[in-house]
Amino acid sequence: MPKSRIRKKADYTPPPSSKQSTAIKLTNRSWVAPVMLALFLIGLAWIVIFYVTDTRLPIEALGNWNIVVGFGFIAAGRI
């Protein structure tokens, strides 16, 4: 049986770099962690106050929607 020919792969040659790479300047994001933590704590406090005050606080007119508001603060902290 005849031996099959082995194809030789061409060596990789990177494309010529005609454009110069521009450095990406990252801004200082030191505010992200404190804001996230603050939103978590506000949401937790909102829900705890709602249960401890027997649904009279933080906003009595919202009723059980106060729980949604508290979880909304917590969810906003994750974004």
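N66 sits in helix α2, where helices (H or I, at least four residues) are DSSP runs numbered from the N terminus. The model is a predicted one, so local features need pLDDT of at least 70 and side-chain atom pairs count only at pLDDT 80 or more, while totals for chains, interfaces and linings use all residues. Residues are numbered from 1 along each chain as its sequence is written, and side-chain values use heavy atoms, with hydrogens and water left out.

Buried or exposed, then, for N66? N66 is buried, at a relative accessible area of 0%; buried stands for under 20%, exposed for over 50%, and partly exposed for what lies in between (1.4 Å probe, protein chains only). Its side chain has a polar atom 2.8 Å from the backbone oxygen of I59, and the side chain also reaches the backbone oxygen of G63 at 3.0 Å. Both pairs go by the polar-contact rule: N or O atoms within 3.5 Å, where within protein one must be able to donate a hydrogen and the other to accept it, and residues adjacent in sequence count only if both atoms are side-chain atoms. With neighbours within four places in sequence set aside, N66 touches W46, F50, P58 and I59, contact being heavy atoms within 4.5 Å.

Zooming out to the helix pair, the axes of α1 (residues 32-52) and α2 (residues 65-78) come within 7 Å and cross at roughly 165°. Axes here are lines fitted to C-alpha atoms, for helices over the stretch in contact, with angles from 0 to 180 degrees between N-to-C directions. That makes α1 roughly antiparallel to α2, a label given to angles over 145 degrees. On the α1 side, the residues that meet α2 include M36, L39, F40, W46 and F50; their partners in α2 include N66, I67, F71, F73 and R78. By class, this contact has 15 nonpolar, four polar and one charged residues, with Ala, Val, Leu, Ile, Met, Phe, Trp, Tyr, Cys and Pro taken as nonpolar, Asp, Glu, Lys and Arg as charged, and the others, Gly among them, as polar.

Most residues other than glycine have a negative phi, and most peptide bonds are trans. D54 is exposed, with a relative accessible area of 55%, whereas T55 is partly exposed at 34%.

Conventions. Helix = DSSP H or I, 4+ residues; strand = E, 2+ residues; numbered from the N terminus. Parallel < 35°, antiparallel > 145°, perpendicular 65-115°, else oblique.
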